[in-house]
Amino acid sequence: MYGRKMVLIKNMNKDNKIFGACDKATLTCDKAQYNEASLWGKIKLNIHLLYCKVCRKYSANNGKLTKLTHEPEVDCLKVSEKEHLQVKFQKELENNQ
Amino acid sequence: MSGHQINPNKWIDLYSDYLFNYTITRVKDRETAQDLIQETFFAGLKSMKNFKGEASERTWLISILKRKIIDHYRKINSNKGKAEVRMNFNFDGENEGDWLEERVADPFDKTAEDTLENTELGLAIHNCISKLPSKQAQVFKMKTLLGYETETICNELGITASNLWVIIHRARTALASCMEEKWF
């Protein structure tokens, strides 16, 4: 829904300083999901959210997504584990062909 | 014959995380889960000729995996089976059928339902991740699900930090709208 608006905003921000703020805000919002945003960045983000509906929506969805990925049941293979699996599988594949 | 093709070269990349998530919610042990999906892939290779193309590769692999998980529980249950549950059946007299009441599910116990919900959530997320371009999927998994440091990922993949944030942003936007359709 906000995807189209975001594209519009991105096209505008080359010559418009106000909308450039959205890019910065979403970046801070993304960083905040991993606790990597600075305090000043978070303050600016919150001020921005007061008047920007598009970013508010993005921020809310982003938060929901983070919450979901922190559920204990959402898991995936570590990089090393996957490589290990790939190596073994490759051998088996060659044996079969 | 329908259009589903089989191509084992990409199996690990495409399906290992999905299968792993499916398994880990059922066996609760990383090592066992890995062994099971490895066996699944091997079994898939061996019976490739039997693949009729009626279902997608992933559905087909999941159906093999289900068998493997059942087999796994059968195997460990042979030792466990000794700890059997003894019930007093009360076949006669006024107490007949009392054991039935004892076995009724506790309505205040919601854990089974919760587990089911979470299982579906894990698969729903992996479903959405598998629709992302592979680079985005890889970075998102490393950053979000495995919790790697930004620097580690950048070194491993040879990208800059700002590059990483752009990829993360695209992945999150796509995932949020995918999950909005399927989940929220």
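This tour moves through the two chains of a predicted model, one selection at a time.

Residues are numbered from 1 along each chain as its sequence is written, and chains are lettered from A, with ligands numbered from 1, in the order in which they are written. Because the model is predicted, local features need pLDDT of at least 70 and side-chain atom pairs count only at pLDDT 80 or more, while totals for chains, interfaces and linings use all residues.

**Stop 1: chain A**

Select chain A, which has five helices and zero strands; helices (H or I, at least four residues) and strands (E, at least two) are DSSP runs, numbered from the N terminus. Of its 97 residues, 23% count as buried. A residue is buried if 20 or more other C-beta atoms, placed from the backbone, lie within 10 Å of its own.

Colour the chain by pLDDT, the predictor's confidence in each residue from 0 to 100. The average for chain A is 81, and 79% of the residues score at least 70. Confidence is highest in helix α3 (residues 39–51) of chain A, at a mean of 93, and lowest in helix α1 (residues 2–12) of chain A, at 52. Over residues 11–15 of chain A, pLDDT stays under 50. Where pLDDT is low, the predicted coordinates should not be read in detail.

**Stop 2: chain B**

Select chain B next, where there are eight helices and zero strands. Among its 184 residues, 26% count as buried. Of the contacts in chain B between residues at least 6 apart in sequence, 64% join residues at least 24 apart; two residues are in contact if their C-beta atoms, placed from the backbone, lie within 7 Å.

**Stop 3: α6 and α8 of chain B**

Select residues 134–145 and 161–182 of chain B, which are helices α6 and α8. The two pack at an angle of about 100°, with their axes 9 Å apart. Axes are lines fitted to C-alpha atoms, for helices over the stretch in contact, and angles run from 0 to 180 degrees between N-to-C directions. α6(B) and α8(B) are therefore roughly perpendicular to each other, a term for angles of 65 to 115 degrees. Show B:Lys135, B:Gln136, B:Val139, B:Phe140 and B:Lys143 in α6(B), which meet B:Leu164, B:Ile167, B:Ile168, B:Arg170 and B:Ala171 in α8(B).

**Stop 4: the side of chain B that touches chain A**

The contact between the chains takes 35 residues from chain B and 29 residues from chain A. On the chain B side, α8(B) provides the largest share, nine residues. The residues of that side divide into 18 nonpolar, 12 polar and five charged; Ala, Val, Leu, Ile, Met, Phe, Trp, Tyr, Cys and Pro count as nonpolar, Asp, Glu, Lys and Arg as charged, and the others, Gly among them, as polar.

Now select α4(A) with α8(B), which pack at an angle of about 80°, with their axes 10 Å apart. That makes α4(A) roughly perpendicular to α8(B). The contact is made by A:Asn61, A:Asn62, A:Leu65 and A:Leu68 of α4(A) and by B:Arg172, B:Leu175, B:Ala176, B:Met179 and B:Glu180 of α8(B).

**Stop 5: the largest nonpolar core**

Finally, select B:Leu19, B:Phe20, B:Ile37, B:Val139 and B:Leu175, the residues with the most contacts inside the largest nonpolar core, which has 38 residues. A nonpolar core is a set of buried Ala, Val, Leu, Ile, Met, Phe, Trp, Tyr and Cys residues joined through C-beta atoms within 7 Å. Elements that give two or more residues to this core include α4 (53–69) of chain A and α1 (11–27) of chain B. The most comes from α1(B), with eight residues.

Note on methods: Buried ≥ 20, exposed ≤ 12 C-beta atoms within 10 Å, placed from the backbone. Parallel < 35°, antiparallel > 145°, perpendicular 65-115°, else oblique.
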